Amino acid sequence: MVPLEWCLILAAVLFCVGAYGVLSRRNAIAVLMAIELMLNAVNINLVAFWRYLEPGGATGQGFALFVYAVAAAEMAVGLALVIAIWRTHKTTVLEDIDLLKG
Amino acid sequence: MTTTLLNLTWLIPVFPFLAFAAVPLVTYRNRKLSHSLVIGGIGIAFVLSQIVFWTAVTHPDDLPFESLGIHWLSAGVENFTLGVYVDPATAVMLFMVPLVCMMIFIYSVGYMNFGTSEVDPRYSRFFSYLSLFATGMLGMIVFNNLLTFFIFWEIMGTCSYLLIGFWYEKKYPDPDKITPKEAGLKAFLVTKVGDLFFMLGLALLYAEVGSLAYRDIFSAETLEYLAHTGFLGTQFPLATVIALLLFGGTVGKSAQFPLHVWLPDAMEGPTPVSALIHAATMVSAGVFLVVRCFPIFTAVEGSHMVIVAGIGTFTALFSSIIAIAQDDVKGVLAFSTISQLGYMIAALGIGAYVAGAFHLITHAFFKALLFLSSGSVIHGMEHGHHHAHEHHHKGEHESDHEEHEEQWFNPNDMKLMGGLAKRMPRTFWPFLLGGLALSGFPLFTAGFWSKDEILAQAYTASPVVFWVLTVAAALTAFYTMRQICLTFAGEPRTEAAKHAPESVPSMTVPLAILAVFAVTLGWVGIPDHFPVIGPMIPNWFEHFVGSTIEVGEHAMKVAGHLSEGGHEAHSQLPLVMGLTAALGGLAVGWLVYGRKPLKAGQMDPVEAAMRKVWLGWLYEAMRNRFYFDWLYQKTFVNGSIWLADLFDAFDYGREPGKHGVVDGLVNLAGRFGLLLSRISDWFDANVVDALVNLAGHAGRLVSIGLDGFDLRVVDGVVNGVGVVVKAGGKAIRPIQTGRVQNYLLLASLMILALVTAFFFIILVLSI
């Protein structure tokens with residue numbers, strides 16, 4: 001049986017890959033994809049903790065499903081934003097989008 | 001030994017899946033390697049399937065066989081197990097699916113390479129999709145529960161979307177003609193309507209029974225329970241409701257009325273795809289679902305079987321009428337497919353389980369054959385067109401024909417063909433055999449035996465179904481003859497048809513192999529009561545597949561009730577009517593289209609005749625598929641757009657300058673705020689100002705005295721603060737870059753620092 005730690009390490013690695021992607025990718029769509037990776041790392045943790053510590057209940061899986069739903073909604077909003085930005089700025093490169101600049 | 005061999009079933013879907021995965025990951029640059037890999041995958045699956053099939057046939061006592069289950073999905077306290085399940089229905093599907101798939105894959109190699117100077121850039125991807133599709137179909141057949149059935153069913157749905165829209169950049173000059181991209185979307189969305197019902201059926205079944213494994217849901221106790229429990233406290237037995245919901249999936253996938261609209265447009269995909277998905281395998285998945293869940297359908301007598309039979313019968317007639325007026329060579333076959341699927345559904349609806357399954361198998365062979373031959377014809381026409389075009393160009397370069405030539409050429413249009421039998425004999429003969437099998441040409445074609453079986457059962461079960469199906473059979477024979485004559489007989493009607501070359505062997509050899517099966521396969525199911533031949537050859541198919549329904553006595557009871565003693569009442573009337581329908585339809589078709597072949601530009605004789613008796617509008621309606629696409633476009637598609645517009649208007653307003661409700665509310669709030677501020681402005685200017693001025697005057701008197709202190713001390717402090725803030729702002733301004741990723745990085749670092757600090761403090765405190 002795979003020990004719990006391995007799952008957690010996998011999740012941590014996945015999270016770091018995602019975080020790196022979010023911080024370093026220039027393309028907004030790639031950033032959205034990286035966010036998905038981070039969310040999935042969370043899912044792995046949820047399911048792993050459920051399986052190893054609370055196999056009787058369904059809380060972990062339930063939360064994972066919620067995360068899926070939220071991730072799907074977030075993707076929809078995110079892509080809509082990217083399209084909106086594309087229409088106004090003709091770019092999806094995040095460095096060129098600096099309306100918040102002080 | 002038997003168990004070991006039957007356990008090979010596990011491996012059947014694995015190899016096509018590996019091929020699917022390997023092509024995009026490893027071999028996609030090498031076209032030859034890609035298609036070899038995919039054909040190899042299906043080839044191994046084919047060999048394994050044959051082993052399983054023959055083992056099952058020779059050891060029928062071991063059926064149904066179920067392997068040990070593995071846990072594959074645990075949800076909460078529930079553990080789903082996965083195993084393979086082989087019963088006679090699975091076995092015959094395993095005979096048909098890999099064989100047809102393999103033929104189509106080999107044909108695809110020829111199809112994708114032949115006739116064009118440059119190979120399709122997505123060549124490897126095409127084969128990868130095909131392989132995934134085969135995985136879906138095989139996985140659906142072999143596993144032992146409805147959950148995996150549904151998963152693989154959806155994999156096929158995705159593949160059909162990808163494959164129909166394979167040439168997604170293709171556009172036609174006629175804006176009303178559906179493009180591959182739209183056709184793929186249409187197929188996906190329409191079948192999803194059915195899938196939703198299927199999923200609801202699964203949910204209800206699971207909620208009531210607590211399992212989706214065939215062993216549990218088809219057990220006698222479960223069926224008893226489903227038959228005698230009302231749905232939500234009503235009179236309807238659960239079995240009826242579940243059966244109808246599952247049947248919703250069938251209606252979508254097998255393109256039954258009213259969800260039939262996707263299949264004709266799915267012909268936009270490459271022809272091997274039409275053959276694979278929309279004739280031989282995927283659409284039969286819907287029928288297979290009913291075959292698989294037949295115990296539930298027959299657990300209780302109820303209106304649901306009438307609905308099943310009714311939809312099947314209506315679809316069979318309805319689409320064969322439309323097929324008469326189609327000019328697209330694949331369009332005729334598409335409607336013919338819908339019609340034949342209606343036959344199968346009707347057969348299942350009247351309880352003729354074996355006959356329906358038999359027609360499913362034979363139809364797969366001859367319809368795949370017809371599609372592949374028509375693909376060969378289309379290729380020939382395209383090639384001939386290019387050839388004629390070039391010829392023309394060389395000859396009269398200066399002529400004004402050039403503009404005329406630039407018009408879009410539709411290689412699928414049968415009106416532009418004619419006389420191809422001489423040009424493409426190795427395509428013509430298989431097509432002829434397939435067409436005869438489709439029409440049910442007596443004695444030597446497979447279609448005759450399976451259709452005859454359905455008609456015989458329908459005769460004893462329900463006269464209405466029987467007569468409608470007979471009429472549909474006659475129409476089928478008629479339009480098949482029309483198609484053969486228009487395509488192959490007479491003289492070429494265009495330059496393209498005159499120059500059409502024969503296709504390459506990798507296309508024609510699969511045709512020949514499929515043609516063999518389209519003929520011989522019927523001989524395994526010759527009914528016992530058939531005169532002369534019947535008693536001589538045992539009805540192997542019925543003995544083998546018929547044994548599946550040992551699951552519940554209910555099934556036998558209901559099926560027996562519906563088709564009261566199919567064997568006892570062996571009246572010869574259905575046989576005679578079947579023969580009359582097939583031969584009569586073919587003969588009339590020959591008289592109309594074969595005796596005097598169509599001239600170029602001549603109107604279709606049927607259309608001309610109908611116009612003469614003021615029925616031109618009916619022909620027009622048939623050609624336009626009775627306007628169902630138009631109706632759905634106007635109601636569902638435009639309805640959705642209208643709803644979206646409505647919300648948009650609610651939000652923003654429809655035209656610039658006008659405001660929607662939400663916008664209006666926001667603006668109203670703004671106006672209200674403005675009003676309030678004006679009032680306070682007035683109050684401010686007149687009342688507060690006066691008071692302030694008064695206080696000011698008083699203050700001024702006082703402050704004159706304090707002036708010096710103010711200028712030096714207080715000002716100094718205030719300016720000092722300002723200078724400090726300004727300097728600080730200048731110092732930290734660079735971090736406000738406006739780039740969201742910088743902010744995120746900073747936030748992450750801060751959190752890291754805080755967490756570190758937190759643990760550090762805890763460490764310090766604990767020491």
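Predicted model: local features only at pLDDT ≥ 70, side-chain atom pairs only at ≥ 80, totals over all residues.
**View 1. Chain A is built from helices.** Chain A holds three helices and zero strands. From the N terminus on, its elements run α-α-α. The radius of gyration of chain A is 17 Å, well over the 13 Å that the globule rule gives for 102 residues, so chain A is more spread out than a compact globule. Along the principal axes, its C-alpha atoms fill a box of roughly 50 × 25 × 25 Å. Buried residues account for 11% of the 102 residues in chain A. Among contacts in chain A with a separation of 6 or more, 47% join residues 24 or more positions apart.

**View 2. Confidence along chain A.** The mean pLDDT of chain A is 89. A score of at least 70 is reached by 99% of its residues. Among the elements of chain A, helix H1 (residues 4-24) has the highest mean pLDDT, 93. Helix H3 (residues 59-89) of chain A has the lowest, 90.

**View 3. A:Lys90, in the segment after H3 of chain A.** The phi angle of A:Lys90 is near 55°. That is a positive value in a residue other than glycine. Most residues other than glycine have a negative phi. A:Lys90 counts as exposed because it has 8 C-beta neighbours inside 10 Å, and the cut-off for exposed is 12 or fewer.

**View 4. Where chain A touches chain B.** Twelve residues of chain A are in contact with twelve residues of chain B. On the chain A side, the touching residues divide into six nonpolar, three polar and three charged.

**View 5. Chain B as a whole.** Chain B has 33 helices and four strands. Its radius of gyration is 35 Å, whereas a compact globule of 767 residues would have one near 27 Å. The C-alpha trace of chain B spans about 135 × 80 × 55 Å along its principal axes. Of the 767 residues, 47% count as buried. Residues 24 or more positions apart supply 79% of the contacts in chain B with a separation of 6 or more.

**View 6. The loop between H10 and H11 of chain B.** This loop joins helix H10 (238-253) to helix H11 (262-265) and includes B:Pro258. The peptide bond from B:Phe257 to B:Pro258 is cis, with omega near 5°. B:Ala255 lies in this loop as well. Its phi is near 55°, again a positive value in a residue other than glycine. B:Ala255 is buried, because 30 other C-beta atoms lie within 10 Å and the cut-off for buried is 20 or more.

**View 7. Helix H28 of chain B and its buried side.** H28(B) covers residues 573-594, 22 residues in total. From its first C-alpha to its last, H28(B) reaches 29 Å, close to the 32 Å expected at 1.5 Å a residue. Its buried residues are B:Pro574, B:Met577, B:Gly578, B:Ala581, B:Ala582, B:Gly585, B:Leu586, B:Gly589 and B:Tyr593. They cover an arc of only 150° around the axis, which puts them on the same side of H28(B). An α-helix has 3.6 residues a turn, so residues three or four places apart point the same way.

**View 8. Around H28(B).** The face turned away from the buried side of H28(B) carries the exposed residues B:Leu573, B:Val576 and B:Leu591.

Technical notes: Residues numbered from 1 in each chain as written. Chains lettered and ligands numbered in written order. Contact = placed C-beta atoms within 7 Å. Nonpolar A, V, L, I, M, F, W, Y, C, P; charged D, E, K, R; others polar. Helix = DSSP H or I, 4+ residues; strand = E, 2+ residues; numbered from the N terminus. Rg over C-alpha atoms; globule rule 2.2 N^0.38 Å. Expected span 1.5 Å × (residues − 1). Arc of directions from axis to C-beta. pLDDT = per-residue confidence, 0-100.
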